[in-house]
Amino acid sequence: MQPFKYKPNRNSGLFRHRISIFKPPDPEIDVDEAGQPLEDWIPVAETWADVFPLRGRELFAAQQASAEVTTRITIRYRTGIDRTMKVVYDGTEFEILYIIHTDYAKKELQLMCKERQ
């Protein structure tokens, strides 16, 4: 019998991008020495991922162009990730729009993200 090999959903390779996940500060819990709420985002995890841009489109509204980039970030399964968090990859910040549990197998999470402007 052959050993089990992990296969991602796509054939583009395994997790080869290093990302950081941050959560917003809680004003009641996250305070500094003087009791003032923190301004900075709090790091939750630094992990390997697969970052895949799905599409780029330009939206023209009120004669003003704004670009929206939708990206799928695949990470190994972990608890505690929610939509209030942000992902930073290579200096670019992404807002998490949806979290998809692939087959509910607890092997990976797909974070559907939008680039923050």
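Buried residues, defined as those under 20% relative accessible area with a 1.4 Å probe and only protein chains considered, make up 28% of the 117 residues in the chain. The model is a predicted one, in which local features need pLDDT of at least 70 and side-chain atom pairs count only at pLDDT 80 or more, whereas totals for chains, interfaces and linings use all residues. Residues are numbered from 1 along each chain as its sequence is written, and side-chain values use heavy atoms, with hydrogens and water left out. The chain exposes about 8600 Å², of which carbon and sulfur atoms supply 49%, the areas being computed by the Shrake-Rupley method with a 1.4 Å probe.

The chain contains 0 helices and 6 strands, where helices (H or I, at least four residues) and strands (E, at least two) are DSSP runs numbered from the N terminus. Along the sequence, the order of elements is accordingly written β-β-β-β-β-β. With contact taken as heavy atoms within 4.5 Å, 53% of the contacts between residues at least 6 apart in sequence join residues at least 24 apart.

The largest nonpolar core has 14 residues, among which Ile-19, Ile-73, Ile-75, Val-87 and Leu-111 touch the most other members; such a core is a set of buried Ala, Val, Leu, Ile, Met, Phe, Trp, Tyr and Cys residues joined through side-chain atoms within 4.5 Å. At least two residues of this core are supplied by each of β1 (17–23), β2 (42–61), β3 (64–76), β5 (92–101) and β6 (108–115), and the largest share, 3 residues, comes from β6. Beyond its neighbours within four places in sequence, Val-87 is in contact with Ile-19, Ser-20, Ile-21, Ile-73, Thr-92, Glu-93, Phe-94, Ile-96 and Leu-111.

Strand β6 is largely enclosed by the rest of the structure, because 6 of its 8 residues are buried. It pairs with β5 in the antiparallel sense over 7 bridges, pairing being assigned if DSSP finds at least two bridges between two strands. Within this arrangement, Phe-94 has Glu-115 of β6 as its bridge partner. Thr-71 lies in strand β3 and, at 2% relative accessibility, counts as buried.

In the hairpin of β5 and β6, which has 6 residues between the strands, Asp-103 takes a positive phi near 55 degrees. Tyr-104, although not a glycine, has a positive phi of about 50 degrees and is likewise placed in the loop between β5 and β6; its relative accessibility of 71% makes it exposed, a class that begins over 50%, with residues between the two limits called partly exposed. Asp-90 also shows a positive phi, near 55 degrees, in a residue other than glycine. Asp-90 lies in the loop between β4 (86–89) and β5, where it is exposed, with a relative accessible area of 68%.

As regards aromatic rings, Lys-86 lies over the face of Phe-22, at 5.8 Å from the ring centre, a placement that requires NZ of Lys or CZ of Arg to be within 6 Å of the ring centre and within 35 degrees of the ring normal.
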